[in-house]
Amino acid sequence: MRKVSQYIPGQEADACSTHVPMQRAMSLIGDVWTLMIVYNLLGGSRRFGELREAMGNVSPKTVSQRLKMLEEDGFVDRHAFAVIPPRVEYQLTETGPALAGIIKAIRQFSERYLSDGAEVSTPASVTSSQSSH
């Protein structure tokens, strides 16, 4: 079976060691719902329903799957409160804001090349970390 990536002689070990992390990163940042969750959590913790509402037309199953993946990968913490009715909040871990730079780059790209002139609301933590254009 042929690999998709090009073979470069002498770089077998390097290709093996970088392929899996790069593939995981592309899978993570290539998913619109995953980035939308992170984008919405940049402003602080949110409940499940708040995330769904902020993300628009997305199924509860999709949000739940992405949150679980982000939690397993160490980007999101889930905090369940012992109250009735049950309350669960999600927030970014210390690692989570590392994705803010990627979101910022996507936002800058979209504004430069895909903008129709309409302003987009941005969590305060993303706008405050932006440098001038």
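Guide: One term before we start: a residue is buried under 20% relative accessible area, exposed over 50%, and partly exposed in between. Also, this is a predicted model.

Visitor: Fine. Which residues does H5 expose on the face turned away from its buried side?

Guide: That face carries the exposed residues Arg 112, Tyr 113 and Leu 114.

Visitor: And which residues of H5 are buried?

Guide: Ala 100, Ile 103, Lys 104 and Arg 107. Seen down the axis of H5, these buried residues fall within an arc of 100°, so they line one face of the helix. H2 is included in what covers them.

Visitor: How many residues does H5 have, and what does it span?

Guide: H5 has 15 residues. From first C-alpha to last it reaches 20 Å, close to the 21 Å expected at 1.5 Å a residue.

Visitor: Step back a bit. What's the secondary structure of the chain?

Guide: It comes to 6 helices and 3 strands. Along the sequence the pattern reads α-α-β-α-α-β-β-α-α.

Visitor: What share of the residues is buried?

Guide: Of the 133 residues in the protein chain, 25% count as buried. As for contacts between residues at least 6 apart in sequence, 53% join residues at least 24 apart.

Visitor: Now the core. How many residues are in the largest nonpolar one?

Guide: The largest nonpolar core has 20 residues. Ile 37, Leu 41, Leu 67, Leu 70 and Val 76 have the most contacts inside it. Two or more residues each come from helix H2 (32-41), helix H3 (48-55), helix H4 (60-72), strand E3 (87-92) and helix H5 (100-114).

Visitor: Which element gives the largest share?

Guide: H2, with 5 residues.

Visitor: Take Ile 37. What does it touch?

Guide: Setting aside residues up to four places away in sequence, Ile 37 touches Leu 51, Met 55, Val 63, Arg 66, Leu 67 and Leu 70.

Visitor: At what angle do the axes of H2 and H4 cross?

Guide: At roughly 70°, and the axes come within 10 Å. That makes H2 roughly perpendicular to H4, because angles of 65 to 115 degrees count that way.

Visitor: Which residues meet there?

Guide: From H2, Trp 33, Thr 34, Ile 37 and Val 38. From H4, Thr 62, Val 63, Arg 66, Leu 67, Met 69 and Leu 70.

Visitor: On to the strands. Is Tyr 90 buried or exposed?

Guide: Tyr 90 lies in strand E3. Tyr 90 is buried, because its relative accessible area is 9%, under the 20% cut-off. Beyond its neighbours within four places, Tyr 90 is in contact with residues including Leu 41, Phe 48, Leu 51, Leu 67 and Val 76. Arg 46 is also one of its contacts. The C-alpha atoms of Tyr 90 and Arg 46 are separated by 5.4 Å, though the two are 44 residues apart along the chain.

Visitor: And His 79, how accessible is that?

Guide: His 79 is found in strand E2. His 79 counts as partly exposed, at 44% relative accessibility.

Visitor: Last one. Is the peptide bond from Ile 84 to Pro 85 cis or trans?

Guide: Cis, with omega near -5°. Most peptide bonds are trans. Pro 85 is found in the loop between strand E2 (76-81) and E3.

Terms used: Residues numbered from 1 in each chain as written. Predicted model: local features only at pLDDT ≥ 70, side-chain atom pairs only at ≥ 80, totals over all residues. Heavy atoms only, no water. Core = buried A, V, L, I, M, F, W, Y, C linked by side-chain atoms within 4.5 Å. Buried < 20%, exposed > 50% of the residue type's maximum accessible area, 1.4 Å probe, protein only. Helix = DSSP H or I, 4+ residues; strand = E, 2+ residues; numbered from the N terminus. Contact = heavy atoms within 4.5 Å. Expected span 1.5 Å × (residues − 1). Arc of directions from axis to C-beta. Axes fitted to C-alpha atoms, helices over the stretch in contact; angles between N-to-C directions. Parallel < 35°, antiparallel > 145°, perpendicular 65-115°, else oblique.
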